[in-house]
Amino acid sequence: MRANLSHLRRRLSATSGGGEAWLSPALVVLPVVSALLAIVAVAGVAIGSTGVAWETVVRVLAAKVLPAGWIDIGSVSEADQAIVWLIRAPRIIVAGLVGAALAVAGTQLQGIFRNPLAESSIIGVSQGAALGAVVAFITGWTASSALWLPLAAFVGAFLALFAVYMIASRAGRAPVATLLLAGIALGAMITACSSLLISLSFVDWQVAGEIVFWIMGGLDGRTWTHVVICAPFVALGLLVAFWHSRDLDLMLLGEETATSLGADVERVRRAVLLAAALLTAAAVSVSGVVGFVGLVVPHALRLVLGPSHRTLLAASALAGATFVIACDLLARTANPPSEIRLGVVTAAFGAPFFLYLLRQRRKEIGYF
Amino acid sequence: MSLFLRNAGIEIDGRSLIRGVSLSVESERVTAVVGPNGSGKSTVLRLLAGLWEPTEGLAELNGESLTRLPRQAIARQVTFVPQDTRVDFAFTVRDVVAMGRYPHVGRFDSLGDADVEAVNAALARADVAHLEDRFANELSGGERQRVLIARSLATEAGAILLDEPTASLDIDHSLETLELLQELASEGKAVAVALHDLNAVMRWADQVALMNEGQLEAFGAVGDVVRDDLVEPVFGVKVEHVLVASGNETLVFHRLPGLRTDA
């Protein structure tokens with residue numbers, strides 16, 4: 001698989017002696033991923049405990065998005081309309097936003113740590129966001145304004161990321177072993193704090209159980225409110241990420257090289273760390289801890305697209321959305337009527353992949 | 001084009017790396033920076049390249065303090081080839097060299113014809129054109145070194161600073177690189193290069209800065225600096241002069257620990 005993808009990239013990007021390649025990998029990958037995203041999105045809305053025909057799904061979505069009166073959905077039953085627009089559409093959109101956010105955050109973290117194993121849930125950033133969110137829950141802030149949840153998650157994510165960066169990075173590069181050890185220790189510490197807070201603050205075990213369930217990662221019962229909570233943060237994070245795509249390319253070659261080619265390394269690092277924390281927090285505040293998305297997606301794409309961030313970030317956003325929507329579909333439908341937690345599904349794909357990457361890098365780690 | 005250090009020094013984490021260094025790197029000259037390991041050669045180059053700010057004294061580009069110039073403006077005029085050539089990600093060689101054009105094009109712009117032209121010329125000149133589709137993380141150390149030289153050439157900067165560029169090169173490419181540096185100087189570029197091989201310095205450099213324990217021991221024309229009475233105590237060696245068949249003088253070194261000033 002790996003060899004095949006690399007080979008595909010070589011074939012597509014081979015220059016015929018000077019000048020630009022006639023067909024870049026991006027021109028193939030971006031349309032393919034976009035098409036996949038459209039397919040899983042429609043499938044995600046159509047498939048479920050009550051099936052809805054895909055034409056109905058497309059018609060209802062089009063009718064809601066396009067100006068009133070363009071498409072007549074009088075023939076579609078009220079129940080189907082409600083299932084499509086009020087129950088499943090927001091859930092799919094939240095899943096897409098979470099996937100895009102986590103995949104782009106992972107891509108950025110790998111760039112800033114110069115380490116392809118960096119990812120929000122592996123280095124403790126998601127856990128930091130979750131701790132922030134737990135604090136917001138138990139203090140009751142979430143009741144006063146919906147904004148508290150993402151804000152508290154952002155503070156938690158940023159502090160965790162800052163800590164892991166200070167511990168693991170030397171001259172802008174985090175060796176695999178140091179990064180993972182720092183991430184594990186920090187993640188464990190933060191998770192322990194969350195557990196402590198939850199266990200101390202709740203006499204009511206049902207509420208505590210709900211929070212624990214939420215931390216495991218899941219998208220059950222997500223509504224348009226959740227879309228509104230996370231969309232602006234995701235949009236801002238993506239914007240900052242894309243703005244710095246070229247700087248991230250330079251950072252991959254080392255801080256000195258980046259500086260000597262005109263990048264303001266300090267500023268770029270601050271902006272990118274903030275954006276990664278923002279994206280992780282936005283995702284965690286509406287879905288709990290959904291792991292490994294930022295690892296699997298960018299890594300697979302890099303094999304075909306190469307490491308250049310201009311296309312990698314865009315493709316990561318699209319593919320991340322596709323991946324999480326597909327995983328969520330699996331989580332909902334694999335074992336009806338109960339749902340498997342989304343975090344469990346992404347981990348089932350992501351964790352073996354992570355171990356595979358670790359084995360690939362065992363020389364660098366020294367033992368394994 | 002001229003780069004100056006004026007009484008420059010830098011302290012990092014309370015440790016002084018170099019102090020009181022004054023020297024110039026000018027157009028049409030190859031300036032070699034020599035000295036034992038840890039004597040401050042790389043630091044001198046980093047201050048000249050504006051990568052580090054001096055904590056005392058000044059680093060100047062054409063009479064202006066480097067600290068006051070925008071990064072992008074420095075990047076167009078001064079280019080740096082680091083000693084650490086490691087690349088962890090699978091950029092193609094062409095991608096890496098094309099990054100040399102980043103200081104010249106806007107954040108979201110693609111390379112124009114002139115940029116592609118500069119990249120092609122740089123690839124050819126550093127003898128890596130045949131590697132352009134290879135991944136930089138799969139090359140040998142020496143190949144990567146030449147790719148980074150190509151990237152610096154692609155910037156078309158007036159000053160090129162190289163930190164031990166020949167360290168991982170084979171004999172042929174090492175000579176080729178030194179010839180290239182001399183050629184660049186003759187085309188009007190200011191070249192500064194940290195080197196270990198004093199014979200190479202005698203043959204290719206125009207002026208030499210001799211560093212010892214963070215201080216500038218001597219700075220001037222090659223003949224004035226590569227002298228037994230300066231070199232022997234700094235390196236702790238005995239220098240023997242041997243005339244080779246070509247008529248050139250070659251230095252042969254014998255280890256004499258007692259000669260080193262710090263010993």
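Predicted model: local features only at pLDDT ≥ 70, side-chain atom pairs only at ≥ 80, totals over all residues.
User: Why are helix 2 and helix 3 of chain A called roughly perpendicular?
Analyst: Helix 2 (residues 25–46) and helix 3 (residues 54–65) of chain A pack at an angle of about 105 degrees, with axes 9 Å apart. Angles under 35 degrees count as roughly parallel, over 145 as roughly antiparallel, 65 to 115 as roughly perpendicular and the rest as oblique. The two helices are therefore roughly perpendicular to each other. Axes are lines fitted to C-alpha atoms, for helices over the stretch in contact, and angles run from 0 to 180 degrees between N-to-C directions. Helices (H or I, at least four residues) and strands (E, at least two) are DSSP runs, numbered from the N terminus.

User: Which residues make the contact of helix 2 with helix 3 of chain A, and how do they divide by class?
Analyst: A:Val42, A:Val45 and A:Ala46 of helix 2 meet A:Trp54, A:Val57 and A:Val58 of helix 3; two residues are in contact if their C-beta atoms, placed from the backbone, lie within 7 Å. The division is six nonpolar, no polar and no charged. Ala, Val, Leu, Ile, Met, Phe, Trp, Tyr, Cys and Pro count as nonpolar, Asp, Glu, Lys and Arg as charged, and the others, Gly among them, as polar.

User: What makes strand 6 and strand 10 of chain B the edge strands?
Analyst: The open sheet of six strands in chain B has the order 6-7-8-3-9-10, with mixed pairing. Strand 6 and strand 10 each pair on one side only. Two strands pair if DSSP finds at least two bridges between them. Within the sheet, four bridges join strand 3 (residues 29–34) to strand 9 of chain B, and these run parallel. B:Thr31 stands opposite B:Gln207 in strand 9.

User: How many residues does each chain give to the contact between chain A and chain B?
Analyst: Chain B gives 25 residues and chain A gives 24. On the side of chain B, helix 2 of chain B gives the most, with three residues. That side divides into 13 nonpolar, four polar and eight charged residues.

How values were computed:
Residues numbered from 1 in each chain as written. Chains lettered and ligands numbered in written order.
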